[in-house]
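Keep the sequence and the 3D view side by side as you read.

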Amino acid sequence: EHKFWETQPVGQFKDLGDSSFPEGPIEQPTPLSEVKQEPYNLPTLYEWTVCDMDSDEICNEVYVLLTNNYVEDDDNLFRFNYSKEFLRWGLRPPGYFKNWHIGVRVKSSKKLVAFITAIPVKMRVRDEVVQMAEVNFLCVHKKLRSKRLAPVMIKEVTRRIHLENIWQAAYTAGILLPTPLTTCQYWHRTLNPKKLIDVGFSRLGDRMTMSRAIKLYKLPNSTATPGFRKMEIRDVPKVTILLRGYLSRFVVAPTFDDAEVAHWLLPQENVVDSFVVENSETREVTDFFSFYTLPSSILNNPNYSTLKAAYTFYHVSTKTPLLQLTQDALVIAKQKEFDVFNALDVMENEPFLKELKFGRGDGQLYYYLYNYRLRESLKPSELGLVML
Ligand code: MYA
Ligand code: JJ1
């Protein structure tokens with residue numbers, strides 16, 4: 001059934017429900033001298049390449065590969081369209097390794113035809129902090145699918161991660177593999193009903209007319225929370241403390257230091273937006289909200305080519321209710337002309353989603369850990385991790 005995944009240190013379907021396994025690493029680390037020193041063999045027509053994202057030219061090649069070949073929805077109406085600035089941001093956090101940005105080229109033409117990446121992250125699982133890699137952007141050109149290239153790429157990224165003495169990883173996928181840490185649901189808040197319907201992202205339900213839909217999804221013109229403003233550099237230490245406290249509630253969550261908070265959360269135009277709530281008297285920062293920008297290409301529509309989507313990222317609420325904080329984020333996303341605001345049912349998101357008129361999407365996101373077993377899978381609300 002899963003010829004590759006059966007050979008890997010991940011929870012297997014046949015072992016689900018067997019509580020005799022201990023929690024923690026499935027395999028022990030080996031001495032670094034025993035890690036394979038040479039890259040895995042690719043089919044002879046292809047060669048490995050490190051994709052230097054500093055280079056505009058290479059960043060553009062990666063962008064073009066993903067734009068034409070990365071993840072689509074079930075009906076192939078939309079395809080993720082990560083921007084170059086986004087890819088640079090997502091792939092170069094503090095402590096990143098350039099040689100974890102792995103490409104595959106055709107030897108003869110040098111055309112980039114496949115890609116896989118990892119970035120380092122400190123992940124807390126219950127009360128242990130484990131150095132992990134986050135693996136993302138696995139992509140094989142459409143013309144080279146089903147040739148078992150993906151397993152070679154996964155083994156190669158694993159090898160390069162092992163060489164840094166890291167033995168665990170986290171990853172997400174839209175497909176079911178052995179075996180999820182948790183299964184999350186996408187939710188969507190319509191901001192631009194007319195366009196979403198025109199492009200087939202959503203449909204007018206029974207007894208719903210366009211004018212009713214427009215009215216239903218109307219939002220206030222301005223934010224409601226006093227002291228709600230864009231996050232600035234000077235907020236970093238306070239946001240780090242807030243976020244560390246908030247993420248400590250979840251069973252699995254990353255732990256961020258100041259440098260990581262600065263990287264992941266300081267606003268970057270068309271990449272990430274972040275806001276704090278600052279008390280005007282005490283100057284205390286009490287709440288925080290962020291979202292990232294990930295458009296999708298609209299495939300084969302005569303009128304529109306891109307869907308502008310915002311995705312909830314990290315947030316912290318200590319004073320302002322999360323519902324109100326999120327409503328303010330919706331207001332800003334609407335002002336910035338996003339068409340839709342997306343969220344997963346992770347953390348404490350579920351309760352406010354329905355209230356704020358999010359609707360359940362047709363996509364799921366499965367979260368996985370590599371070489372780390374948990375006794376049972378988690379509820380989405382026990383997970384404090386958002387990946388790009
Ligand atoms: S998830 C996003 C994945 N990308 C896409 O969906 C883009 C569009 N699709 C493609 O580009 C291709 O279809 C891909 C597969 C490249 C996905 N995760 O080469 P194949 C297994 C893991 O013949 P192709 C993301 O980026 C499949 O079950 N495994 O297939 C996170 C089968 O194995 P088995 C996957 O369709 C990635 C084998 O590959 C996935 O040509 C995390 C078939 O290979 C998938 N999304 O190419 C990767 N899709 O027979 C794991 C298929 O056993 C990281 N497969 O069922 C693990 C941690 C590593 C680091 C560890 C460090 C310690
Ligand atoms: O965007 C998604 N679904 C949309 C569009 C569906 C188009 C037809 N398949 C959706 N729309 C309905 C919204 C509607 C708004 C009004 C209220 C009711 C609901 O459901 C889905 C997520 O739901 N997206 C995908 O399928 C994209 C792939 C998701 C897996 C991502 C894997 C990434 C891995 C990288 O690490």
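Asp75 has an N or O atom in its side chain 2.5 Å from a nitrogen atom of ligand 2, a polar contact, that is, a pair of N or O atoms within 3.5 Å, where within protein one must be able to donate a hydrogen and the other to accept it, and residues adjacent in sequence count only if both atoms are side-chain atoms. This is a predicted model, in which local features need pLDDT of at least 70 and side-chain atom pairs count only at pLDDT 80 or more, while totals for chains, interfaces and linings use all residues. Residues are numbered from 1 along each chain as its sequence is written, chains are lettered from A and ligands numbered from 1 in the order in which they are written, and side-chain values use heavy atoms, with hydrogens and water left out.

Stay with ligand 2 for a moment. A polar side-chain atom of Asp73 sits 2.6 Å from a nitrogen atom of the ligand, and Asp362 likewise places a polar side-chain atom 2.6 Å from a nitrogen atom of ligand 2. Of the 870 Å² of accessible area that ligand 2 has on its own, the protein covers 84%; such areas come from the Shrake-Rupley method with a 1.4 Å probe, and for residues only the protein chains shown count as cover. The elements that give two or more residues to this shell are E2, strand E7 (182–190) and strand E16 (358–370). E16 gives the most, with seven residues. Helices (H or I, at least four residues) and strands (E, at least two) are DSSP runs, numbered from the N terminus.

In total, 24 residues surround ligand 2, with Asp73, Asp75, His188, Phe201 and Asp362 the closest; a residue counts as near if one of its heavy atoms lies within 4 Å. By class the shell has nine nonpolar, eleven polar and four charged residues. Here Ala, Val, Leu, Ile, Met, Phe, Trp, Tyr, Cys and Pro count as nonpolar, Asp, Glu, Lys and Arg as charged, and the others, Gly among them, as polar.

Next along the tour is Glu72, in the loop between helix H1 (56–69) and strand E2 (78–80). Its side chain makes a polar contact of 2.6 Å with that of Lys142. Leaving aside residues up to four places away in sequence, Glu72 touches Phe78, Arg79, Lys142 and Leu299, where contact means heavy atoms within 4.5 Å.

Now turn to ligand 1. Which residues come nearest to ligand 1? Of the 33 around it, they are His2, Trp5, Leu138, Ser146 and Ala150. A polar backbone atom of Ser146 is 2.7 Å from an oxygen atom of the ligand, and a backbone N or O atom of Ala150 lies 2.8 Å from an oxygen atom of ligand 1. Arg148 takes part through its side chain, with an N or O atom 2.9 Å from an oxygen atom of ligand 1. The protein covers 89% of the 1200 Å² of accessible area that ligand 1 has on its own. Strand E5 (128–140), helix H3 (149–162) and strand E6 (168–173) each supply at least two residues of the shell, and H3 gives the most, with seven. The shell has 21 nonpolar, eight polar and four charged residues.

Finally, step back to the domains. The assignment gives domain 1 (5–174) and domain 2 (183–382), with bounds from an automatic or database domain assignment. Each of the two domains contributes at least three residues to the shell around ligand 2. Their C-alpha centres lie 26 Å apart, and 50 residues of domain 1 are in contact with 45 residues of domain 2.
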